[in-house]
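I'm jotting down what I look up as I go.

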Amino acid sequence: LANRWYRKAAEQGYPKAQYGLGLSYIQGRGVMQDGLEAAKWFRMAAEQGLDKAQYNLGLLYDRGQGVAQNVPRAARWYRKAADQGFVEAQYNLAVVYERGRGNVDKDLGQAVKWYKKAADQDFIKALHNLGVLYAQGRGVTKNEIKAYTLFSQAAAQGHSRAKENKEVLEKKMGEEKLNKARKQARQRQQP
């Protein structure tokens, strides 16, 4: 029943209804699961600027689900959603740039930029990945204190690898540097 109303509204051009119908097709909720049909409805909503639809269309291209896998096209859709502040798109775009996947050139500067935007929204995986880049000095000047702060934020949200990386840094840093890092981490976690 809900899909019938989604379809009516979607056919009249309502992007949220188009997005909802796309979700129904991707999840097989009330309709036969159909990635191609999902992509069609996500695209209609995405072209009208709906960030969730842009992100989900990016996912379909990234995974080759319902459409031919095309990472550059996925990155373009992620970018449209990321520019609107959609945190998962910011993170996925950063990963594409960090790894240089599927004909998208590796660009650590862009990876750092998008990880920072997602980390600023407290996105746990972005906090961790950005921490790794700071710890290794990849795309940024190596900064173990900044890495420790980011790992602390992610670990506080339950990210196990961030907790492990934080512990590794604790053993590596001298006492003075560790105290400075702990102070920064506490300040960052206060509301």
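Which residues does Asn-92 touch, not counting residues up to four places away in sequence? I found Tyr-55, Leu-59 and Tyr-78. Touching here is contact, meaning heavy atoms within 4.5 Å.

Ground rules before I go on. This is a predicted model, where local features need pLDDT of at least 70 and side-chain atom pairs count only at pLDDT 80 or more, while totals for chains, interfaces and linings use all residues. Residues are numbered from 1 along each chain as its sequence is written, and side-chain values use heavy atoms, with hydrogens and water left out.

Back to Asn-92. I located Asn-92 in helix 6, residues 87–99. Is Asn-92 buried or exposed? Asn-92 counts as buried because its relative accessibility is 15%. (Buried is under 20% relative accessible area, exposed over 50%, partly exposed in between, with a 1.4 Å probe and protein chains only.)

Next, the whole chain. I counted 11 helices and 0 strands. (Helices are DSSP runs of H or I with at least four residues, strands are runs of E with at least two, and both are numbered from the N terminus.) Of the 191 residues, 46% are buried. For contacts between residues at least 6 apart in sequence, I noted that 46% join residues at least 24 apart. The C-alpha atoms fill a box of roughly 65 × 35 × 25 Å along the principal axes.

Last, charges. I got 34 positive and 19 negative side chains, with the centres of the two sets 1 Å apart. Lys and Arg count as positive, Asp and Glu as negative, and His and the chain ends are not counted. Each charge is placed at NZ of Lys, CZ of Arg, CG of Asp or CD of Glu.
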